[in-house]
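Trainee: Could you take me through one part of this model closely? I would like to look at the salt bridges.

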Amino acid sequence: MDVTEILLLVVAGIAAGAMNAIAGGGSLITFPSLIAIGLPSVDANVTNSVSVFPGYVSSVAGSRADLAGQRQRVRATVPAAVAGSAVGCALLLLTPARAFEVIVPFLVLGAAATLAFQERLRALVGHPRSMSPRRAAVTLRCVVFAGAIYGGYFGAALGVMYVAALALIIDEPLKRINALKNVLSATVGLVTLLVFAAFARVDWAAAATLAPATIIGGYVGARLARRLSQRVLKYVIVTFGTTIGLLLFYRAALP
């Protein structure tokens with residue numbers, strides 16, 4: 001890589017780390033950047049998954065204050081995230097990508113709409129307080145597992161999808177839900193790193209350039225998310241999710 005390509009990846013990594021911490025969708029910055037420096041699409045996707053993991057970890061560090069009192073919830077959901085992301089990685093390595101690429105934009109747009117109309121949907125499906133503990137626990141694990149499959153396969157806007165779904169199940173402030181999302185995203189990221197490092201072609205030079213930048217962006221983004229009001233944070237996540245979904249839809253429509 002030349003100096004221009006290195007600078008491109010550094011800037012992309014900082015921006016992506018911050019986006020992932022606040023709302024998700026940072027891969028929509030880093031993935032095209034890896035394509036721009038000449039990596040094939042599959043190699044770029046794999047390298048991107050490995051590169052953004054440190055940023056997820058720094059996001060957890062930046063939002064640790066909002067994880068207070070959620071230890072039991074984390075313990076209950078992390079195994080589902082591990083299993084789901086392993087399935088997603090296998091899908092990426094073993095199956096054609098085209099069908100999933102067509103579905104992904106609708107999943108992201110649906111997640112953004114779910115968060116935007118959260119209160120109306122709660123009126124239809126029931127408020128979290130009306131769920132029995134058993135139903136809430138089972139639903140939470142199923143949502144985490146399904147999201148992790150997507151995260152292991154592609155991952156862009158995983159944060160948007162997690163926040164939208166978790167907000168329907170967990171009756172807590174969005175900042176605390178966002179902190180849990182950071183833990184789950186980091187879990188998915190760790191599994192993808194291990195699987196892809198062992199079984200896929202990773203451009204380690206590009207990954208080594210991106211990773212430190214995502215750490216900086218992830219920590220700064222998580223701290224910023226804690227300062228945003230509930231309403232502003234929700235608006236930012238919905239806006240990011242809608243934009244990312246439309247971009248993915250456009251890319252999927254290209255021949």
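Mentor: Start with aspartate 43. Its relative accessibility is 15%, so aspartate 43 counts as buried (buried is under 20% relative accessible area, exposed is over 50%, and partly exposed is in between, with a 1.4 Å probe and protein chains only). This is a predicted model, where local features need pLDDT of at least 70, side-chain atom pairs count only at pLDDT 80 or more, and totals for chains, interfaces and linings use all residues. Residues are numbered from 1 along each chain as its sequence is written, and side-chain values use heavy atoms, with hydrogens and water left out.

Searching the whole structure gives three salt bridges (a side-chain nitrogen of Lys or Arg within 4 Å of a carboxyl oxygen of Asp or Glu). Aspartate 43 pairs with arginine 201, with 3.2 Å between the closest N and O atoms. Aspartate 43 sits in helix H3 (residues 41-51) and arginine 201 in the loop between helix H10 (174-199) and helix H11 (204-227), so the bridge ties together parts 158 residues apart in sequence. Helices here are DSSP runs of H or I, at least four residues, and strands are runs of E, at least two, numbered from the N terminus. Arginine 201 is exposed, at 61% relative accessibility.

Now turn to glutamate 172. Its side chain meets that of arginine 73 at 3.0 Å, N to O. Glutamate 172 lies in the loop between helix H9 (158-169) and H10, and arginine 73 in helix H5 (residues 71-94), so this pair links parts 99 residues apart in sequence. Glutamate 172 also bridges to arginine 176, at 2.2 Å between the closest N and O atoms. Shared partners join Arg73, Glu172 and Arg176 into one network.
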